[in-house]
Every structure is written in C-alpha cells, then in structure tokens.
Amino acid sequence: MSAFAALLARDVRLATRAGGSAVLALAFFAAVVTLVPFGIGSETGLLTRVAGGVLWVAAVLANLLALDRLFQADYEDGSLDLLALSPLSFEGIAAAKIMAHWLTTGLPLTILSPILALLLNLPQRGYVALVVSLLIGTPAISAIGGVAAALTLSVRRGGLLLPLLVLPLLTPVVIFGAGAVLAKLDGIDNGAIWFLAAFSVAAVALAPFVAAAALRLNLSE
Amino acid sequence: MFGYANPKRFMELSGRILPWLGAATALLFAIGLYLSFTAPPDYQQGDTVRIMFIHVPAAWVAMMAYGFMALASLIGLINRHPLADVAAKQAAPLGALFTALALITGSLWGRPMWGTYWVWDGRLTSFLLLLFLYLGYIALWNAIENEVRAAKAAAIFALVGVVNLPIIEFSVQWWTTLHQGESILLKGGPLISAVFLWPLFTMAIAYTLLFFTLLIVRMRTEILERRARTLALGASA
C-alpha cells in the first residue's frame, strides 16, 4: 500500500471509529437543519424556498466541526513530525487529509441531505440539483478548510479562529450551491452548477500546495 | 527599493518624511472638506451627495489597502524581509478601519436614498466580506505567538484572500442579479459633473496620504516596540 493510501485509510478509520468526527458532523448537520423551522416558522412554502440554502449553510457549518482537528491532533501528538519524515511530501499529506475529510464528512452529508430536504419540503425536482451540487461543492469546503486548518495548526484555540478565516472564502460555494438548487426550482438555467464546479476544481487543485506551505512553516523552526 | 527595507534606514528616512506627509494630508483634507461643503447640492440627492465625498474615497483606500497588504505579504514570503511583514501587519487594521468607514457612511447614505440602512447589494455585501477577511487576517496574526510563523501564516492567508476576492466579488454580483434588481440604483445615475469630481479627487488623494501617514506611524511604533522588547530581554538576561 502506498504511503498516500495508507494515510488516507488511517484518517478515514480514525474519523469513523468511536469518538471520531464523522458521525458527530452528521448529527450536527441534522440538528442545524431541524432547528431552522423553529426559527423561521413551519410554513411549507417558505421552507421550500429556503431548503437549498439552509442545507448548504448547514453543510458548511458541519464541515467546520471536524476541520480544526484535521492536522492539529497529529501535530500535538507528534504524528505529523513522523509523517513529515515519511516518503510522502507535504503536498501529499495535505491532499490525503483533505480527501479523508471529504470522505468522512462531505460525502456522508451529501448522502443524508435528501432525507433532510424531505423535512424542509423541497419539491421533487430539486433533489438531483441538491445532491449534485453538494457532491461537487463539498470537496471545495474540505480543500479551503484544509488550508485554514493548516494555517491555524499551532493555535491552541484554532477551532474558534477557523470559521472567521473560512466563511468569507466559502461564500462563492454557498452562493452557487444554493443558487443551483433554487434555479432548478424556478426552472431556469443560470449556470450556477458550472460556476460551482469551476470553483471546486480550482480549490481542490490548489489547496494541497497552499496547505503544504502552511504545514511547512508551522513545522519549521 | 530593498536598500530602504533595512529597518534602521527605514526609521531614518520615514522619520524625515513623516512630518511632511502629515502636513500634506492635513492640507489636502482641509481643501477637500472645504470643496465638499461648498459644492452645490445635487439635483437628485440634495445635500446627501456630500456623504459620497467621505464614502467613496474610503472604499477606494479600503481596496487599495488590501492590495498593498497582499503585495507586502508576497514580498515578505519571497524575500523573507521583516519590514515587509511589518508593513502587511500594520496595513490590516487600517484597511479594516477604512472598510468599516465605507460601510457605515454607505449605510448612512442609503437611509435617505434607498429608505433603508442596508440592502444586500453586490458592493455592500462584498465589502462586508472584505471586512471579515481583514478581521480574519488580524485574528490570525494575533493568535500565533511566534512572530515569524505568524507573519508567514498571515501572508499565506492574505494571498489566498487576494486570489479569492475577485471570485467572491463575481459570485456576489451574480447572486444579487439573481435575487433582486435594486442594484441599478447604484450603477446608473447621472454622470458626475466637475463640481463633484474635484472634491472627490482631492478627498481621494487625502485619504490615500492619510493611509500612508498612519501606516508609517504604525510601522515605526512596531519597530520601536520590537527594539524595546529585545532590549528588555537583554537586560533581564
């Protein structure tokens, strides 16, 4: 097994076993979505309009939950130093961890989203757009989040700083993701899904390099 | 250019420039404010047009400050020059301040003009996000104790932000055209006549000079603080 696959498998295992972040992120996602109707009222017409946006915002927030430990746990117990000595480059480490994060949060969220969309009364024609947009967009959340997680590696309360760094950068994802769902409901084609795809591809392609630079500066002394 | 990047030479040179820069700033503000208040009221906006003279330059300088910060961050990362790091670090709070000023004056102008303090208009929204980027940058600087690490991490964040800003701007513009058509109020309007152009440009130069005056003051303070800390460490050792 290559070093990359080994690291990926290890991180997925850590996230999915007891005490891991994957299930917690899913529960958080469901809890946020459940809370929304209590805040804005249960009128079905209203929920239909906001369903896509609410699910997208909740998905971003749930992703943040697991992000602050992405590199930090390994940094604190010294595994990151060992990883740095392994044949895997920093770019490879960052890419593996970002991928593992997506596999254990972004992907499960995407799979769970239709059930929650049902609760928010999303019309049937919106489901494909919702799932496809989440499938395309959540890797970008993991990628940009991974950069911020690497930057805040040595910060003791990095989890509090992370949202401030990540949320402005993720605005385009939310805009295009929720926009794609809304466009489908309105029966218009505004290209949101393509913009989302372009942003996601660029973010996923560039993030490992930026995150690697951040890892390097935090490990160098 | 890098010859002056030596902190000692920077202190000498900036010490000599600073009084003149400060005086020029004050003079231009005096002229600019005089022109702003003597300009005739706009036929549509009335006296509220005067808010524009303090609002628009603030927005310009807020954007310029981010560009300056990103450039200084890039130089700091590539040339590993501490002075560039100091420049980037000290530009951020100023940029945040000008962004906040632009947002506040904008919403004060919006109340009589649009009938509301806030609309989710493209420019307003992207400025709000710019403010968050500034705050994130400042928070990152403050959170990391090691100064060299903090400088590098913040520089990377500033550069990620500068790559992302046009995309954010585009997506927000796209979003506002999807949701509402009110932004026409911002875009069109009559062409600006010369009576308004002169105070606007004077104020723009005044704001720019103010930014650099304050930046130099802040950079000097930071350098002196670092020296004082080093001296204190030496004394206690």
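Among contacts in chain A between residues at least 6 apart in sequence, 82% join residues at least 24 apart. That figure, like everything else here, comes from a predicted model.

On overall dimensions, the C-alpha trace of chain A spans about 55 × 35 × 35 Å along its principal axes. The radius of gyration of chain A is 18 Å, which agrees with the value near 17 Å that a compact globule of 221 residues would have. As for burial, 53% of the 221 residues in chain A count as buried.

Turning to the partner chain, 23 residues of chain A are in contact with 22 residues of chain B. On the chain A side, the elements that give two or more residues are α7 (127-151), α8 (158-186) and α9 (192-219). The top contributor is α8(A), with 11 residues. Sorted by class, this side of chain A holds 17 nonpolar and six polar residues, and no charged ones.

One of these helices, α9(A), deserves a word of its own. With 28 residues, α9(A) reaches 39 Å from its first C-alpha to its last, close to the 40 Å expected at 1.5 Å a residue. Even so, α9(A) carries a kink of about 35° at Ala207(A), shortly before the proline Pro208(A).

Notes: Residues numbered from 1 in each chain as written. Chains lettered and ligands numbered in written order. Predicted model: local features only at pLDDT ≥ 70, side-chain atom pairs only at ≥ 80, totals over all residues. Contact = placed C-beta atoms within 7 Å. Helix = DSSP H or I, 4+ residues; strand = E, 2+ residues; numbered from the N terminus. Nonpolar A, V, L, I, M, F, W, Y, C, P; charged D, E, K, R; others polar. Expected span 1.5 Å × (residues − 1). Bend = angle between axes of the 7 residues up to and from the residue. Rg over C-alpha atoms; globule rule 2.2 N^0.38 Å. Buried ≥ 20, exposed ≤ 12 C-beta atoms within 10 Å, placed from the backbone.
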